[in-house]
Amino acid sequence: MAEFSKNCDIYQGYNYRKDKQTTVGFITSLKVGDVELTADQVCKDPTAPETDLSAVAVLSGAMWELGVTDAVYFSGQISVGNKQSALALLYKDMTKVDVEFKFDVYEYDPVEKKYFKCLLPTDDATLKGILEKNGSDLNFIVSDDPSAEVQSPENYAMSIGIKPQPDAQQLTVATSFSNKVVKAWGLKVE
């Protein structure tokens, strides 16, 4: 079975260079339960490098097995403030595990010679999911120690797995600037 799996370049995400064409990705909004993490990291939009992009997380990886009920997995770097908010949330008894999020993963198209979004919510929609469970643990992990990959701004590794809520949503997967496939994510329950 096919799957979407990308390793993203954290350094390129924080320090965009036009002469480097590696995969990058960003979570641009993330709300877990009642806590909304802040899009407080300013990066460059690879499709328009003169334009700033505000991110909750600079991604190191994104994975989805393409199934309608499969979780979407992200790993990346978050700011000090978001680390503090996320850890406070994790230390509580989490009764609300609803997640709302937006993200974009970018890849370089060597034929068109420009970046394109290779995984994204269709129509820039805010997706609704729930935190995935691994046994009795929620799949939401935040490091206590700062990352050594990019030291300024100070940032912390995090990973999250998000299953779709019972609602019909869509993700767009692209293999090039012009080849795109819209896939269902979540089933509507009547």
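Colleague: Let's start with Lys6: what does this residue count as, at 21% relative accessibility?

Modeller: With 21%, Lys6 counts as partly exposed. Bear in mind that this is a predicted model, where local features need pLDDT of at least 70, side-chain atom pairs count only at pLDDT 80 or more, and totals for chains, interfaces and linings use all residues. Residues are numbered from 1 along each chain as its sequence is written, and side-chain values use heavy atoms, with hydrogens and water left out.

Colleague: Okay, and which side chain meets Lys6 in a salt bridge?

Modeller: First the rule: a salt bridge needs a side-chain nitrogen of Lys or Arg within 4 Å of a carboxyl oxygen of Asp or Glu. For Lys6 the partner is Glu107, at 2.9 Å from N to O. Glu107 sits in strand E8 (residues 98-109) and Lys6 in strand E1 (residues 4-7), so this pair joins distant parts of the chain, 101 residues apart. Those labels come from DSSP runs, numbered from the N terminus: helices are H or I with at least four residues, strands are E with at least two. Glu107 counts as buried because its relative accessible area is 18%.

Colleague: How many salt bridges does the count come to?

Modeller: The count comes to 10 salt bridges by this rule. Among them is the one between Glu100 and Lys128, at 4.0 Å from N to O. Glu100 is in strand E8 and Lys128 in strand E10, so they tie together parts that are 28 residues apart in sequence. Glu100 is partly exposed at 33%, and Lys128 is partly exposed at 35%.

Colleague: And where do Asp104 and Lys117 lie?

Modeller: Their side chains also meet in a salt bridge, at 3.7 Å from N to O. Asp104 lies in strand E8 and Lys117 in strand E9, so the pair ties together parts 13 residues apart in sequence. Asp104 is buried at 7%, whereas Lys117 is partly exposed at 31%.

Colleague: What about Lys83: which side chain of opposite charge is nearest?

Modeller: For charges, Lys and Arg count as positive and Asp and Glu as negative, while His and the chain ends are not counted. The nearest opposite charge to Lys83 is Asp144, 4.9 Å away, and Lys83 is buried yet has no salt bridge. You'll find Lys83 in helix H2 (residues 80-91). Contact means heavy atoms within 4.5 Å. Leaving aside neighbours within four places in sequence, Lys83 is in contact with Ile78, Val142, Ser143, Asp144 and Tyr156.

Colleague: What lies over the face of Tyr156?

Modeller: A charge sits over a ring if NZ of Lys or CZ of Arg is within 6 Å of the ring centre and within 35 degrees of the ring normal. Here Lys83 lies over Tyr156, at 4.6 Å from the ring centre. Lys180 lies over the face of Phe177 too, at 5.7 Å from the ring centre.

Colleague: Next up, rings: how many aromatic pairs does the count come to?

Modeller: You describe a ring pair by the distance of the centres and the angle of the planes. Rings of Phe, Tyr and Trp (its six-membered ring) pair if their centres lie within 6.5 Å; planes under 30 degrees apart are stacked, over 60 edge-to-face, and the rest tilted. The count comes to seven aromatic pairs. One of them, Phe101 with Phe103, is stacked, with 5.9 Å between centres and 15 degrees between planes. Both Phe101 and Phe103 are buried. Tyr108 and Tyr115 are edge-to-face, at 5.5 Å and 75 degrees. Ring pairs also link Phe74, Phe101, Phe103 and Trp185 into a cluster.

Colleague: Last one, the backbone: which residues does a cis peptide bond join?

Modeller: Most peptide bonds are trans, and most residues other than glycine have a negative phi. The cis bond joins Ser152 and Pro153, with omega about 5 degrees. Pro153 is in the loop between strand E13 (140-146) and strand E14 (155-164). As for phi, Asp123 has a positive value near 60 degrees, and Asp124 has one of about 55 degrees. Asp123 is in the loop between strand E9 (114-121) and strand E10 (127-131), and Asp124 lies in the loop between E9 and E10. Asp123 is exposed at 75%, while Asp124 is partly exposed at 46%.

Note on methods:
Buried means under 20% relative accessible area, exposed over 50%, partly exposed in between (1.4 Å probe, protein chains only).
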